[in-house]
Amino acid sequence: MKLSIEGIGEFDLPSNSPLLILLDKIKEQTQRRGLPLAFLTESGEIIDWHSSPNSEGSTSFLKPIYPEDKEALFVLRHTASHILAQAVKELFPKAKLGIGPAIDEGFYYDIAYERPFTEEDLEKIEEKVKEIIKRDLSLRREELSKDEARELFQRLNEDFKIELIEEMPEEKVSVYRQGDFVDLCRGPHLLSTGQVRAIKLLSVSGAYWKGDEKNPTLWRIYGTAFFKEEDLSAYLNFLEEVKKRDHRRLGKELELFTIEEDIGPGLVIWLPKGAIVRRIIEDFWKDEHLRRGYQLLYTPHVALLDLWKTSGHLDFYRENMFPPMELENRAYQLKPMNCPFHIYVYNQKRRSYRELPLRFCELGTVYRFERSGVLHGLLRVRGFTQDDAHIFCREDQLQEELIKVLELVIYFLKVFGFEEYKVYLSTRPEKYVGDERRWSLAESSLQKALETLGLPFEIDPGEGVFYGPKIDLKIRDAIGRYWQCSTVQVDFNLPERFDLVYVGEDNQFHRPIMIHRALLGSLERFLGVLIEHYAGAFPFWLAPVQVKVLTIKDSVIPYAESVSMRLKSLGFRVEDDFRSEKLNYKIRQAQLEKVPFMIILGDKEMETGTISLRSRKGENLNNLTMEEVIKRFQAEAQPPSKGS
């Protein structure tokens, strides 16, 4: 077989032979750049030196993968997971191996053991990992029949591997060996353990085997690996920054919210300060929607179960719904979605083409049964409030409505401090409802709306939902992480299920198109992202406490009270700290609470009727008049843009 490797050359490769037999020849061609780590096939599959390239024709084309290529970290981290598994088996021979994939930020391995692994265990395992790397063990791939593989892992007493083998449809399976260690694996891998240089084990957590809570609990050891120590160091610094910004810790420290096991996992209680931030967002959200022609709705938290049968949620979404409640011989359901209620509002009367578009919006609280293992602060909860809206429009209005929705999305993101985002257009999947004409119309309308607004986007072929195509926006936060928040979906399914119609200009019935859209996703998730984006230091207009009035001595309290009352009367959110404590202690306390401004008052300020202002960043402004302070606060008390 002829083998062509991009940028290197052409070679004759005996049929079914691994690339490894060409190692010396390829070395000659790659002295300047170094050997490839692995290869990318024409179909997009990553194969390693131990694999045999498959080709239907007489020639196979491969693209070499070097350390700077995006696929390289996957190969590196996959090998790192095997080194981790070998280290655990050498230190804890009774441990049994589950799976160990490479993931976006590193790798992990699920391991069954008689007890959880401790931090001390993790240190010992990392030492053993580095020792295995120093041994520079060559990796070898072997193909075995399922019977041979089953027998091998029975000898090794690896029950989970045997279970995986039984589930494999292929007649042959592959294993990789490094020294005395062997693991069931498809690959790809590096040539040897010595090629893994910068590695760090990070944490241990519990994980159900195959993600099913009915299965045994395994211990998941997380790690990460890079090609350079400086890249690893930068990533570990990034993790420290992530830890500092963790909204769960900040939510507790800043008294924003709490989630109590005694009340229920995934159920959020907003504390007074968090409730203030939420109210500010809600009021802004409502005002902007009303200004742009939306009509505000409030709908129940429960409905008869039959509603969810009609909508299809019971068929497609049952496992994510809470169990129904039996009352007066009828079944009721906590709502997982707001959509059917908005549809019933549409159906309150016969609609004319002249009424469309109809835009209904609601901050509607919904309930979804997320498994306890995936709950995560505000980011994954069981009860949350969607910033929901549904638009009912004619076909000829679809593109214009999508443009308006996207303009509103971008405006909201900008107001809350998100200037960068990635946009994805997901098109028709293999299984879908509706006719092709409407799908084509919706897809082209979504694409033209993006192009009209000059928004760069990527197409995700076949990733639309069964009822229509969609646009997703992922926002980039202050430390470079992307979060899924905004989504815009076109729906052909629910108008059909609920038989929605309007009377057209021709006096005939027509089916409206329905647009689902969420700007922020949910208030809970968005506030979690917002806390981490600002590290809890909200801008002045969003801060639950905008100003703290601090006294240097008790004799100035009457003056401090008059200053505080004046600011409160103008609507500013002010707290007083008139305690008989040292000023530096009060300042430090206000900074820990991330209050934007402190007003500091002593004898001098009282005598001259002035104010000393200090920002949480440590900037000081002295001898300010009350009017100067008010003017500054008023300028910062509004959202950063007045909208469009």
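Predicted model: local features only at pLDDT ≥ 70, side-chain atom pairs only at ≥ 80, totals over all residues.

Analyst: Helices here are DSSP runs of H or I with at least four residues, numbered from the N terminus.

Rolling a probe the size of a water molecule over the atoms shows where empty space is left. In this model the count comes to 2 cavities of 30 Å³ or more. The second largest cavity, with a volume of about 30 Å³, is lined by L256, W270, G274, V277, L527, I531 and F538. Two elements, helix 8 (272-291) and helix 15 (523-534), each supply at least two residues of that lining. By class, the lining of the second largest cavity holds 6 nonpolar residues and 1 polar residue, with no charged residues.

The largest cavity has a volume of about 120 Å³, and its lining consists of L254, L256, K273, G536, F538, A543, P544, V545, E593, K594, V595 and P596. Sorted by class, these residues of the largest cavity comprise 8 nonpolar, 1 polar and 3 charged.

Another buried position is L144, which lies in strand 9 (residues 139-145) and counts as buried because its relative accessibility is 13%, under the 20% cut-off. Leaving aside residues up to four places away in sequence, L144 touches A149, L152, E171, K172, V173 and V175. The C-alpha atoms of L144 and S174 are 6.1 Å apart in space, although these two residues are 30 residues apart in sequence.

Helix 2 (residues 72-91) and helix 3 (residues 119-135) pack at an angle of about 115°, with their axes 8 Å apart, and helix 2 passes helix 3 in a right-handed crossing. On the side of helix 2 the contact is made by I83, L84, Q86, A87, V88, E90 and L91, and on the side of helix 3 by K124, I125, K128, V129, I132, I133 and R135. The residues of this contact divide into 9 nonpolar, 1 polar and 4 charged.

Key:
Residues numbered from 1 in each chain as written. Heavy atoms only, no water. Axes fitted to C-alpha atoms, helices over the stretch in contact; angles between N-to-C directions. Left-handed = near helix turned anticlockwise from the far one by under 90°. Contact = heavy atoms within 4.5 Å. Nonpolar A, V, L, I, M, F, W, Y, C, P; charged D, E, K, R; others polar. 1 Å grid on protein atoms, 1.4 Å probe; cavity = no way out; pocket = protein on both sides within 12 Å on 5 of 7 lines; lining within 4 Å. Points joined across faces, edges and corners; volume = space filled by probe spheres on them. Buried < 20%, exposed > 50% of the residue type's maximum accessible area, 1.4 Å probe, protein only.
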